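Trainee: I would like a close look at one place where two chains meet. Please keep to a single part and go through it step by step.

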Amino acid sequence: MAVFALRRLLSAIPTLLIVTLIVFAMVKLLPGDPARLILGQEATPQALSELRRSLGLDRPLPQQYLSWLTSAARLDFGTSLTDHSSVGRLIAQKLPVTLELSLFAMLISLLISLPAGMISAVRRSTWVDRLLTLLALSGISLPNFFLGILLIYLFSIRLAWIPASGYTSLMENPGRNLLLLLLPAVTLGVGSAAVLTRYLRSSLSETLNQDYVRTAHAKGLAARQVISKHALKNALIPFLTAFGLQLGGLLGGAVITEQIFSIPGFGRLLVDAVFTRDLPVIQGVVLVSAVAVFLVSFLVDLGYAAVDPRIRYH
Amino acid sequence: MTTTLSKPPSAAKRRLPAPVRRFLGNKLAVIGIVVLVIFAGAALLARQVAPFDPAQIFFADLRAAPSAAHFFGADELGRDIFSRVVYGARVSLSAGLISVTLALVFGGSIGLIAGYIGGWLDDVLMRFVDALLSLPFLVLAIALAAILGPSLQNTMIAIAIVTAPAFARITRGEVLSQRERDYVQAAQALGAGDGRLIVRHLLPNISGALIVQTSLAIANAILAEASLSFLGLGIQPPTPSWGSMLNAARGYLTDAPWMAVFPGLAIFLAVLAFNLIGDGLREALDPRSHKS
């Protein structure tokens with residue numbers, strides 16, 4: 001197992017480096033001179049070249065890339081162009097908010113997809129299955145910003161049960177924190193739930209068709225036992241890996257959800273940075289997102305191999 | 001002696017190929033096609049279908065509720081929402097189709113080359129593809145939109161870049177699985193060159209998976225364009241886009257909820273249609289899939 005993990009890690013590193021290269025190149029491709037963006041239009045040529053030198057912009061590109069990369073490895077992502085605070089600190093402040101939102105969303109997603117997927121697979125081809133399939137497809141097709149707006153209209157405006165926006169930290173007031181995160185988490189979780197429901201349905205259906213399940217039935221095991229003791233465990237493995245891989249989609253969805261519900265998270269940081277052309281922040285956010293998704297995929301891969309020995313030996 | 005009477009070929013009933021019959025038998029898929037035709041019709045015949053110009057302002061009808069005069073009501077500037085939704089179909093459908101076509105061509109080519117040639121080229125290309133796949137779809141699209149600037153064209157490019165890696169992976173997978181098949185080896189033994197092999201033999205056999213992926217990718221692309229416009233990074237006003245209409249509607253939810261409902265429904269139905277079609281295609285083309 002350790003050898004497998006090591007081999008995987010070694011083969012994953014080049015890909016990770018390419019990720020960093022893409023992020024670096026993306027911002028370098030931005031039109032316009034960063035020095036001028038910072039100092040404004042009236043800056044003197046001396047001031048501009050001074051700034052360029054201090055920012056290291058006059059050095060050859062490979063050198064810039066390496067110094068950017070080594071700083072990032074030390075979690076130094078530069079300074080925000082808008083408020084001159086450390087990008088690393090901004091990210092450290094906002095990321096936990098998004099993580100909490102994402103975890104809450106993943107919980108909701110599990111609560112929906114596990115029963116829905118199981119029922120769909122067990123009652124395959126009945127009207128229940130067809131209804132759940134249509135609901136799942138609808139969940140995938142519904143834009144999360146539309147769902148968010150609908151939820152706000154229903155629960156905040158018409159019913160006035162939950163305030164439409166705002167955020168209180170978990171430390172300050174756990175009750176209010178969870179209340180304010182409820183609608184955003186549902187908004188974010190529904191899409192994920194829909195995808196996972198379909199996944200579990202197909203994975204469990206396939207498992208239920210296997211010979212060993214037929215044997216279990218033949219042995220006289222009650223249907224419920226067959227499902228829970230044998231089929232579900234095997235079907236859950238690919239399901240859990242799919243679950244882990246939802247993180248990328250959740251981060252993207254969080255960007256929009258945080259806009260709608262005014263949550264001061266990671267996603268909001270990105271959108272604000274895009275509008276103010278705050279390049280260091282954009283770079284930092286995209287890099288951290290990519291590394292996070294990459295790490296999670298890697299861990300999910302390892303987890304899958306740990307549970308299913310066949311993977312380790314190709 | 002018995003003679004078997006067989007119908008002469010001209011009178012023999014010509015049946016549709018099995019996948020087509022399977023697809024048409026799938027009620028949900030057919031619904032998807034119907035909805036798609038409606039939206040396509042709206043997009044192509046916008047000028048005929050829409051009662052008003054999408055930019056026309058009716059000062060007396062600010063935020064008017066749906067009525068006979070304005071089927072979907074009017075927005076905060078007094079513009080007819082129905083007309084704007086109809087014209088918005090152009091933006092969404094063209095963004096979806098063009099960006100996915102670009103992704104299919106570029107991503108598919110890369111996958112084809114990687115899968116066919118193999119070796120170190122395959123390795124390098126796929127690492128690049130994997131790297132792109134690591135970047136969260138919307139995060140990357142937003143960053144690209146920021147870099148390229150907000151416009152319909154740049155939105156399409158950004159979505160194409162984000163969608164291409166999936167096509168590369170699928171094409172490569174299909175090529176790898178077909179490459180070892182008997183018919184390929186037979187064709188090679190008969191002296192078929194690479195070009196002929198790819199065009200006449202490989203492509204027809206991998207097209208099934210690609211068609212399914214195309215439909216699903218268009219669904220995602222429409223959603224992505226709407227998301228980018230919602231955030232203000234896509235089509236700029238006054239061109240109507242369902243996403244930006246939804247964004248504008250946020251401020252008026254209390255007194256004019258119809259401003260949000262209709263564009264939102266439009267996005268939902270368009271995306272659902274492509275998802276239903278993609279699902280139907282997958283079931284129709286894959287004989288191994290479990291039939292419901």
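At roughly what angle do the axes of helix 6 (residues 127–141) of chain A and helix 11 of chain B cross, and within what distance do they come?

Mentor: This is a predicted model, in which local features need pLDDT of at least 70 and side-chain atom pairs count only at pLDDT 80 or more, while totals for chains, interfaces and linings use all residues. Residues are numbered from 1 along each chain as its sequence is written, and chains are lettered from A and ligands numbered from 1 in the order in which they are written.

The two axes cross at roughly 125° and come within 8 Å of each other. Axes here are lines fitted to C-alpha atoms, for helices over the stretch in contact, and angles run from 0 to 180 degrees between N-to-C directions. Helix 6 of chain A and helix 11 of chain B are therefore oblique to each other; under 35 degrees counts as roughly parallel, over 145 as roughly antiparallel, 65 to 115 as roughly perpendicular, and the rest as oblique. The crossing is right-handed, a term for the near helix being turned clockwise from the far one by less than a right angle, with anticlockwise giving left-handed.

Now the residues. From helix 6 of chain A, L137(A), S138(A), I140(A) and S141(A) meet F268(B), V271(B), L272(B), N275(B), L276(B) and D279(B) of helix 11 of chain B. Contact means that C-beta atoms, placed from the backbone, lie within 7 Å. By class, this helix pair contributes six nonpolar residues, three polar and one charged. Ala, Val, Leu, Ile, Met, Phe, Trp, Tyr, Cys and Pro count as nonpolar, Asp, Glu, Lys and Arg as charged, and the others, Gly among them, as polar.

As for the chain behind it, chain B has 11 helices and zero strands; helices (H or I, at least four residues) and strands (E, at least two) are DSSP runs, numbered from the N terminus. The C-alpha trace of chain B spans about 85 × 60 × 30 Å along its principal axes.

Key:
Two residues are in contact if their C-beta atoms, placed from the backbone, lie within 7 Å.
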